[in-house]
Amino acid sequence: MDLKELQSLGGIVPVEPVLCDIEWDDRIKVADAKGNLPTIKQLDGDGNPVSVDNPKWEPTYKGEVRSFKAWVKQLSFGDVDRIRSQPVDPDDPDRSAQALMISESIRLGKKGEEQLSYEDAYQLKPSLAGAFLKAIGDAVSVKK
């Protein structure tokens, strides 16, 4: 193995982002037409109340599933190591590493010319942040 072969096998992360499909499930479960809730309270074996799926609930949601394309800049090992091992901001160590990962990876616009700021990534709906994180993982995973 030499460096050229390693590069041809995809061992070195490209600088250019790749176009990925994003599926954002922004639905929440709501009571169905008969008033059945998605979950009901029951007692577990120790007598503690727990929520379980309601078998009478007919799947009813508020919101929708949206599909779109976004550009994903693949993060290198060094990028991921830096994001995970160091506080994002030494003056504010509670900042989110995953929000930073999204802001450094996700690109929007026709050619990927728009980058989310850290603040915008931090303010994403959790369901959309999850969809972006999945796309980041998919962009570097083994394709079958």
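The model is predicted: local features need pLDDT of at least 70, side-chain atom pairs count only at pLDDT 80 or more, and totals for chains, interfaces and linings use all residues. Residues are numbered from 1 along each chain as its sequence is written, and side-chain values use heavy atoms, with hydrogens and water left out.

**The whole chain**

Begin by displaying the protein chain as a cartoon. Five helices and eight strands make up its secondary structure; helices (H or I, at least four residues) and strands (E, at least two) are DSSP runs, numbered from the N terminus. The radius of gyration, taken over C-alpha atoms, is 21 Å, well over the 15 Å that the globule rule (2.2 Å times the number of residues to the power 0.38) gives for 144 residues, so the chain is more spread out than a compact globule. Along the principal axes, the C-alpha atoms fill a box of roughly 60 × 35 × 35 Å.

**The sheet**

Next, select β1, β6, β7 and β8. These four strands form an open antiparallel sheet in the order β1-β6-β7-β8; two strands pair if DSSP finds at least two bridges between them. At the edges are β1 and β8 (114–115), each of which pairs on one side only. Contact here means heavy atoms within 4.5 Å. Helix α5 lies across β1, β6 and β7.

Within the sheet, eight bridges join β1 to β6. Select Val18 to find its bridge partner in β6, Val72.

**The nonpolar core**

Val72 is also one of the residues that touch the most other members of the largest nonpolar core, which has 23 residues. Such a core is a set of buried Ala, Val, Leu, Ile, Met, Phe, Trp, Tyr and Cys residues joined through side-chain atoms within 4.5 Å; buried means under 20% relative accessible area, exposed over 50%, partly exposed in between (1.4 Å probe, protein chains only). Colour α5 (126–140), which supplies the largest share of this core, seven residues.

**Two residues**

Select Ile106. Leaving aside neighbours within four places in sequence, its contacts include Trp71, Val72, Phe132 and Ile136.

Finish at Met101, in helix α3. Met101 is buried, with a relative accessible area of 11%. Beyond residues up to four places away in sequence, Met101 touches Leu75, Ile83, Arg84, Leu133 and Ile136. Met101 and Ile83 are 18 residues apart in sequence, and their C-alpha atoms are 7.0 Å apart.

Conventions. Axes fitted to C-alpha atoms, helices over the stretch in contact; angles between N-to-C directions.
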